[in-house]
Amino acid sequence: LVPQQQLSGQGRGGNKWLSPPGCSMFSIQIFLKTTSFLGTRPSLIQHLVALAQVHAIRSREEYRDIDIRLKWPNDVYYGSVVKLGGVIAKATVVRDDFIVTIGAGLNLNNEHPTSSVNQLVEESGEEKISQEELLANTFNVLEALIDKCNDGLFAEVEALYYKYWLHGDQKIKIMENDGDDVKNVTVSGIDEFGFLKVVGEDAVEFTVFDDGNSFDMMEGLIRPKTR
């Protein structure tokens, strides 16, 4: 499903997802066998979709230096400040199938003051990318990423993910217990489920789940989502 405008979309945690004209959006369903690599790690899917969106653009020679990146857990950014898009995924199990419903949006042709991909493309002196081409590239990349994961080549997918992500060795703070506890940590990567791996001041590595957390890039702070 490829809508042109969305008036009452929903993001993570029940947040409103506004999609003005110019936003490239799609909704798809992916069927995974529950015994497959991704069927036992469905939380990875949102990361693969975001990666597919970014790689669909930056794999092209003329766009490779445009600084479009991946922000954990499910956003697409320009640099470390400007959000361009996001992904949401929900899943159900029917017999031996994991059915993942994905919604994704990327600012493609939005007008100022909203930042968009084709604004960045024009600023770099290149020709705009059409929505049809962007979606076709994204779906082709996503299919290849899913196949690689399920064929035992997750390491290749992981390496591509790190090529674009924002958080290598980033020093952040994690807020716990309603703000009573703040830990200083260094981001070390993601695990095979897509959860964030960090190392504390005691040199012990642990995992931060994405469910119910928000990552404030400006403050370098992960805090529990306000319900």
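Author: Start with one scale: a residue is buried under 20% relative accessible area, exposed over 50% and partly exposed in between (1.4 Å probe, protein chains only). This is a predicted model, so local features need pLDDT of at least 70, side-chain atom pairs count only at pLDDT 80 or more, and totals for chains, interfaces and linings use all residues. Residues are numbered from 1 along each chain as its sequence is written, and side-chain values use heavy atoms, without hydrogens or water.

The part to look at is the meeting of helix 3 (residues 131-150) and helix 4 (residues 154-164). Helices (H or I, at least four residues) and strands (E, at least two) are DSSP runs, numbered from the N terminus. The axes of helix 3 and helix 4 come within 7 Å and cross at roughly 135 degrees. That makes helix 3 oblique to helix 4. (Axes are fitted to C-alpha atoms, for helices over the stretch in contact; angles run from 0 to 180 degrees between N-to-C directions. Under 35 degrees is roughly parallel, over 145 roughly antiparallel, 65 to 115 roughly perpendicular, the rest oblique.)

Which residues meet here? Helix 3 brings Leu145, Lys148 and Cys149. Helix 4 brings Phe154, Glu156, Val157 and Leu160. Contact means heavy atoms within 4.5 Å. By class, this contact has 5 nonpolar, no polar and 2 charged residues. (Ala, Val, Leu, Ile, Met, Phe, Trp, Tyr, Cys and Pro are nonpolar; Asp, Glu, Lys and Arg charged; the others, Gly among them, polar.)

His55 is buried, at 18% relative accessible area. Beyond its neighbours within four places in sequence, His55 touches Val141, Leu160 and Tyr164. Leu160 of helix 4 also takes part in the meeting with helix 3.

Helix 3 has another partner. Phe139 in helix 3 pairs with Phe26 in strand 3 (residues 23-33), so the pair ties together parts that are 113 residues apart in sequence. The two rings are edge-to-face, 4.9 Å centre to centre, with 80 degrees between the planes. (Rings of Phe, Tyr and Trp, with its six-membered ring, pair if their centres lie within 6.5 Å; planes under 30 degrees apart are stacked, over 60 edge-to-face, the rest tilted.) Phe26 is buried, at 4%. Phe139 is partly exposed, at 30%. The structure holds 6 aromatic pairs. Tyr161, Tyr162 and Trp165 form one aromatic cluster.

Move on past helix 4. Asp169 lies in the loop between helix 4 and strand 8 (171-176). Asp169 is not a glycine, yet has a positive phi of about 55 degrees. Asp169 is exposed, at 61%. Arg95 also has a positive phi, near 55 degrees, and is not a glycine. Arg95 sits in the loop between strand 6 (82-94) and strand 7 (97-107). Arg95 is exposed, at 78%.

Compare a residue in helix 2 (residues 117-123): Asn118. At 2%, Asn118 counts as buried. Leaving out residues up to four places away in sequence, Asn118 touches Leu108, Asn109, Lys128 and Ile129.

Finally, two charges sit over rings. The charged end of Arg41 is over the ring of Phe193, 5.8 Å from its centre. Lys183 lies over the face of Phe206, 5.2 Å from the ring centre. (The rule: NZ of Lys or CZ of Arg within 6 Å of the ring centre and within 35 degrees of the ring normal.)
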